[in-house]
Amino acid sequence: MELRSARLHELELELVEPFETSFGVETTRRFLLVELEAAGGEVGRGECVAATEPLYSGESVATAREILTSRFLPDLLRRPVPTPDAFLASVERYRGHAMAKAAVETALLDLAARERGVSVSAYLGGGRRRVEVGVSVGIQRTVPALVRRVGRYLDDGYRRIKLKVRPGWDVAPVRAVRAEYPDIEIWVDANQAYPTRAVERIRRWADAYHVAQVEQPFAERAIRAHARLAADARFRVCLDESIVDDVSLEDALEARAITSLNVKTGRVGGATVGRRLARRAVTAGVPAWVGGMLESGIGRAHNVHLASLAAFTLPADLSASDRYYASDIVETPFVLGPGSRLDVPRGPGTGVELSERGFRRARRASRSFRRPR
Ligand code: OSB
Ligand code: MG
């Protein structure tokens, strides 16, 4: 199979409400979409989760656009279409750029699954028809506002709640949510905001309010601080930013710094990489789950397919489309079903199609790449 063309679109969607984390506030999301068109006319799509500002990791829309435009897409058009893993092998020598690599890899995955007439889930070896999900709740202006926000998500049907925390927004908000809802499953995520000396302080409030999981409290490279927190903890210590490849996972496992693994396709540079990391974690007795980056319907669909694999046993950070965007770029939005679940689209490929209208409204720029003659 050969590619006829590739397209790189820059899109912008407005969030239904601002999303605040320890590293900043997002009100709109600008992101890249990779479209690969095969000679037979089939199109595969992948979303790049890099944000405008390099605040979650070093990647941004600008760095992803640069490497996709100068290397990945032109290289791809010069050769027969590789499998998703073969593409990743071909760009391995380019260091970093995990989110840009994953955007192409997931587009190839969608295309390969479509050509085979199966869903991305089936292509990856997934079996579930529905996946269990939760909701990630941003930092709010006041504690009562947070308690009300959590209440509305519970009314919507979300069963596990992840609260974004940071120094100064932890004890009071977590205590208040626990007091109002004594039985819900509470996770927290700090996105690296705590100094490593905060180990004992975090342990105290997380235990006091029965937090089930503490995600990435310390810096990406602070493996030993995470291990100190995990020692004898009643909650799981989840690593997100720290785990970027096989080696970082092995080191964290060996150091006993990880008791839950957040898998984001963009952060680890591909869905097939994420699948391998989740399987490795499970073998070591560490549960894995699929994280999110406020994706549009395209990236969301890829995440739902990934979460259908047996290796993922904790609820994903994958909420219904209307929790993020009033109008999405796909025809069929994801809606929350009974048991805090999303249906896995039946395929072929991602099983979601672009909405012409939604896409046109969100599109800010496009660039095409053709096969050289
Ligand atoms: O750390 O999990 C994170 C969003 C942007 C950047 C980092 C994170 C998040 C989320 C959102 O928590 C999860 C979602 O998409 O629902
Ligand atoms: Mg996180």
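Reader: Is Glu215 buried or exposed?
Author: Buried. This is a predicted model, and in it Glu215 has 0% relative accessibility. The cut-off for buried is under 20%, so Glu215 counts as buried.

Reader: And what about Asp189, buried or exposed?
Author: Asp189 is buried too, at a relative accessible area of 1%.

Reader: Which residues are the protein donors of the magnesium ion (ligand 2)?
Author: Asp189 (OD), Glu215 (OE) and Asp240 (OD). They lie 2.1 to 2.3 Å from the ion.

Reader: How are those donor residues spaced in sequence?
Author: The pattern is D-x25-E-x24-D. Asp189 is in strand β7 (residues 185–189) and Glu215 in strand β8 (residues 213–215). That pair is 26 residues apart and links distant parts of the chain.

Reader: New topic. How many aromatic pairs are there?
Author: Six, from a search of the whole structure. Take Phe72 and Phe87: their ring centres are 6.0 Å apart. Their planes sit at 85°, so the pair is edge-to-face.

Reader: Where in the chain are Phe72 and Phe87?
Author: Phe72 is in helix α1 (residues 61–77), and Phe87 is in helix α2 (residues 84–90). They are 15 residues apart. Both are buried. With Tyr94 they form one aromatic cluster.

Reader: Why is the pair of Tyr153 and Tyr158 edge-to-face?
Author: Because the planes of Tyr153 and Tyr158 are at 80°, with ring centres 5.9 Å apart. Both tyrosines are buried.

Reader: What lies over the face of Tyr153?
Author: Arg149, at 4.1 Å from the ring centre. Elsewhere, the charged end of Arg323 sits over the ring of Tyr324, 4.8 Å from its centre.

Terms used
Residues are numbered from 1 along each chain as its sequence is written. Chains are lettered from A and ligands numbered from 1 in the order in which they are written. This is a predicted model: local features need pLDDT of at least 70, side-chain atom pairs count only at pLDDT 80 or more; totals for chains, interfaces and linings use all residues. Side-chain values use heavy atoms; hydrogens and water are left out. Rings of Phe, Tyr and Trp (its six-membered ring) pair if their centres lie within 6.5 Å; planes under 30 degrees apart count as stacked, over 60 as edge-to-face and the rest as tilted. Helices (H or I, at least four residues) and strands (E, at least two) are DSSP runs, numbered from the N terminus. Buried means under 20% relative accessible area, exposed over 50%, partly exposed in between (1.4 Å probe, protein chains only). A charge sits over a ring if NZ of Lys or CZ of Arg is within 6 Å of the ring centre and within 35 degrees of the ring normal. Donors are N, O and S atoms within 2.8 Å of the metal (3.2 Å for Na, K and Ca); water is not among the atoms, so sites may look incomplete.
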